[in-house]
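This report goes through a few features of one structure, with charged side-chain pairs and a strand as its topics. The sequence and the model are shown here.

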Amino acid sequence: MVTAYITHNDCVLHNTGLGHPESIHRLKAIQSRLEKAEFWPQLVHCEAPVASWSSIQAVHSAAYIAAVQALFPLRRAAMLDSDTVVSEFSLDAARRAAGANTHAVNLVMANAVENAFCAVRPPGHHATRAQSMGFCVFNNAAIAVQHAIDAYRLDRVLLVDFDVHHGNGSEDIFANDPRVLMCGTFQAPLYPYSGGLEGAPNMVNVPLDAGAGREQLKQAIENHWIDAIDAFRPQLVVVSAGFDAHESDPLADLNFTTADYGWLGRFLVQVAHEYCDGRLVSTLEGGYELDALSESVQAYLEAMVG
């Protein structure tokens with residue numbers, strides 16, 4: 001399998017300040033570990049382009065985008081909301097994060113690569129159509145999904161979210177859209193205290209209790225996701241890949257292990273091969289314990305590389 005690795009130094013320059021869990025060190029830790037991995041030279045290395053405003057406007061309201069733009073240029077840090085910090089280079093980083101995802105879609109749809117991983121920040125899956133939330137400025141995965149629909153006329157895109165926090169922003173954007181099936185696991189109750197079982201018909205939410213691990217994850221997938229995916233038959237798989245359900249992560253209480261992220265990667269590669277010629281785009285969401293994050297990303301990428 002040919003795997004693209006898409007990132008940009010602007011994403012490292014997004015400075016959230018001392019002590020913030022979504023820190024500049026996350027991408028540095030991932031890159032440092034991956035550069036030592038045997039598969040590193042096999043990856044197709046790409047610089048993330050700047051996302052067009054039209055691709056961002058496809059999922060976010062004009063008023064919200066204007067409010068973000070109005071903050072820049074910045075000389076000191078500002079708050080988009082109670083926990084989303086932006087600083088001098090944050091708008092550039094957010095546009096690169098979104099652009100990585102549209103570029104990844106273009107690559108897999110052109111069969112230039114089979115799958116792609118976007119190592120970007122700020123993350124995206126809490127950003128709703130009209131507001132920032134939970135460290136997220138623009139919803140990168142949602143932008144990828146909508147770009148695939150608009151640019152390639154796809155009518156069945158699977159959006160998977162295995163972050164420990166519910167992808168409320170993605171649900172806000174795609175609820176009741178028959179072109180998108182969203183399947184998610186997350187700890188509940190936990191921020192942002194959303195994602196009930198009784199949601200829109202295209203939302204397959206599976207809340208997990210604190211302490212859940214691999215067996216509960218597999219049960220969630222087997223009992224809730226697989227039949228829905230089989231009935232949907234996706235033409236593309238997009239993944240909000242959060243690694244904060246790891247047992248070492250400080251922001252939650254699930255017990256996934258590094259090996260579990262390798263298993264998730266293999267499962268999603270299998271889904272992509274079964275339904276859509278391997279077309280799989282993943283984008284980094286959470287993961288805040290640096291060793292656990294970098295090890296888990298490596299395990300997940302090993303599955304993508306095959």
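## A partly exposed arginine and its partner

Arg-214 has a relative accessible area of 28%, so it counts as partly exposed in this predicted model. Its salt-bridge partner is Asp-260, and the closest N and O atoms of the two are 3.5 Å apart. The pair links distant parts of the chain, since Arg-214 belongs to helix α8 (residues 214-232) and Asp-260 to helix α9 (residues 258-276), 46 residues apart. Asp-260 has a relative accessibility of 3% and is therefore buried.

## Other salt bridges

Side chains of opposite charge can pair when their charged atoms come close. The whole structure holds ten salt bridges. One of them joins the side chains of Arg-96 and Asp-10, with an N to O distance of 3.1 Å. Because Arg-96 sits in helix α5 (residues 90-109) and Asp-10 in helix α1 (residues 9-13), this pair ties together parts that are 86 residues apart in sequence. Arg-96 and Asp-10 are both buried.

Asp-291 and Arg-33 also meet in a salt bridge through their side chains, at 4.0 Å from N to O. Asp-291 is in helix α10 (residues 290-305) and Arg-33 is in helix α2 (residues 25-34), so the pair connects parts that lie 258 residues apart in sequence. Are these two residues buried or partly exposed? Asp-291 is partly exposed, at 45% relative accessibility, and Arg-33 is partly exposed too, with a relative accessible area of 27%.

Elsewhere, salt bridges with shared partners join Glu-22, Arg-26 and Arg-121 into one network.

## Strand β10

Strand β10 covers residues 280-284, and five of its five residues are buried, so the strand is largely enclosed by the rest of the structure. Both of its faces are covered. On one side lie Leu-280, Ser-282 and Leu-284, and on the other Val-281 and Thr-283, all of them buried.

## Neighbours of β10

Which strands are joined to β10? Strand β5 (residues 115-118) runs parallel to β10 and is joined to it by four bridges. In this pairing, Asn-115 stands opposite Leu-280 of β10.

Strand β9 (residues 236-241) is also parallel to β10, with five bridges between the two. Here Val-239 stands opposite Ser-282 in β10. Together with helix α9, the strands β9 and β10 make a right-handed β-α-β unit. Helix α9 is also the helix that holds Asp-260, the partner of Arg-214.

How values were computed:
Residues numbered from 1 in each chain as written. Predicted model: local features only at pLDDT ≥ 70, side-chain atom pairs only at ≥ 80, totals over all residues. Heavy atoms only, no water. Buried < 20%, exposed > 50% of the residue type's maximum accessible area, 1.4 Å probe, protein only. Pairing = 2+ DSSP bridges. Right-handed = clockwise from strand over helix to strand, strands pointing away.
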